[in-house]
Amino acid sequence: MSSPCDPEHAPAGDVGAALMMIDSRLKAVHDGRSGTDAEQQALTDQFAVSLGPRGADDLLDGACTLIYMFMQWLRMAYEDHGKDVVECVVPNVVATMRMMPRSVRPEAIPTMAGLLVAAGTGLSPSLWRKQYGDWTMDEMNPLEATAFLLAEHINRLTDDRDFATRMITEALTRADEA
C-alpha cells in the first residue's frame, strides 16, 4: 500500500543550493573553521533573505531530499554488511547533535531523529515532517546539521572528504541528462 509520505509525492526542492550549503560547511570544518565566523554568517543570512518565501521552501525541500538520498546510500551500504541503517546511523547522529547545544536545541533532536528514521525506511523527510505542521525557525540549524552529519558520515565511511558531495552532484548530472 502506498504511503502519503512516499518520495514520489514529494517535491525535490533546490537540491543544488542545499548541497552548496552543506559542501561549504564540510570544507569549512576540514579547513579548521569549525565555528561560523561573522562574515560567513552574514553571507548565509543574505543568501536566505534573497531566496524569498518560495525559495526558502525549495531550499528546505532540497535539504530533505539530500537527507533522503544520503540515508538511502547509507541503507544500501549497511545492508551490504548485514546491518540496519537506523540502528547504525541514528544513534550516532543523535549523540553528535547532543554535543552541539548551541547549534541544535535539545527539543529539536527528536524531530531530526524521526526525520532520519523516515528517510531510512524509505519515506520522504519533507512529507513526514509536514504531517506535524510547518518548519520552525528553531529547526533550521538542526536540519542543516543533520544533512551535514550524514554527509560527513558517508565521507568517513568512504575515506573520501568529497564523496557525499560528488555522489549527489553525479546524481543531479545524470538526472539532467535523462
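The crossing of helices α3 and α4 is right-handed, a term applied when the near helix is turned clockwise from the far one by less than a right angle. The model is predicted, so that local features need pLDDT of at least 70 and side-chain atom pairs count only at pLDDT 80 or more, while totals for chains, interfaces and linings use all residues. Residues are numbered from 1 along each chain as its sequence is written, and side-chain values use heavy atoms, without hydrogens and water.

Helices are DSSP runs (H or I, at least four residues) numbered from the N terminus. Two pairs are set out below; axes are lines fitted to C-alpha atoms over the stretch in contact, and angles run from 0 to 180 degrees between N-to-C directions.

| Helix pair | Axis approach | Crossing angle |
|---|---|---|
| α3 and α4 | within 10 Å | roughly 160° |
| α4 and α6 | within 10 Å | roughly 45° |

Because of its angle, α3 is roughly antiparallel to α4, the class for angles over 145 degrees. Contact means heavy atoms within 4.5 Å. On the α3 side, V85, V86, V90, V93, V94, M97 and R98 take part, and on the α4 side I109, M112, A113, L116, V117 and G120. These residues comprise 11 nonpolar, one polar and one charged. Here Ala, Val, Leu, Ile, Met, Phe, Trp, Tyr, Cys and Pro count as nonpolar, Asp, Glu, Lys and Arg as charged, and the others, Gly among them, as polar.

Helix α4 spans residues 109-120 and α6 residues 140-158. Their angle makes α4 oblique to α6, and their crossing is right-handed. M112, L115 and L116 of α4 meet P142, L143, T146 and L150 of α6. This contact has six nonpolar residues, one polar and no charged.

The largest nonpolar core has 44 residues, of which I67, F70, M71, L143 and L150 touch the most other members. Such a core is a set of buried Ala, Val, Leu, Ile, Met, Phe, Trp, Tyr and Cys residues joined through side-chain atoms within 4.5 Å; buried means under 20% relative accessible area, exposed over 50% (1.4 Å probe, protein chains only). Helix α2 gives the largest share of this core, 10 residues. Beyond its neighbours within four places in sequence, L150 contacts I67, F70, M71, L74, V89, V93 and L116.

D159 lies in the loop between α6 and α7. With 73% relative accessibility, D159 counts as exposed. Although not a glycine, D159 has a positive phi of about 55°. Most residues other than glycine have a negative phi.

Definitions and conventions. Helix = DSSP H or I, 4+ residues; strand = E, 2+ residues; numbered from the N terminus. Parallel < 35°, antiparallel > 145°, perpendicular 65-115°, else oblique.
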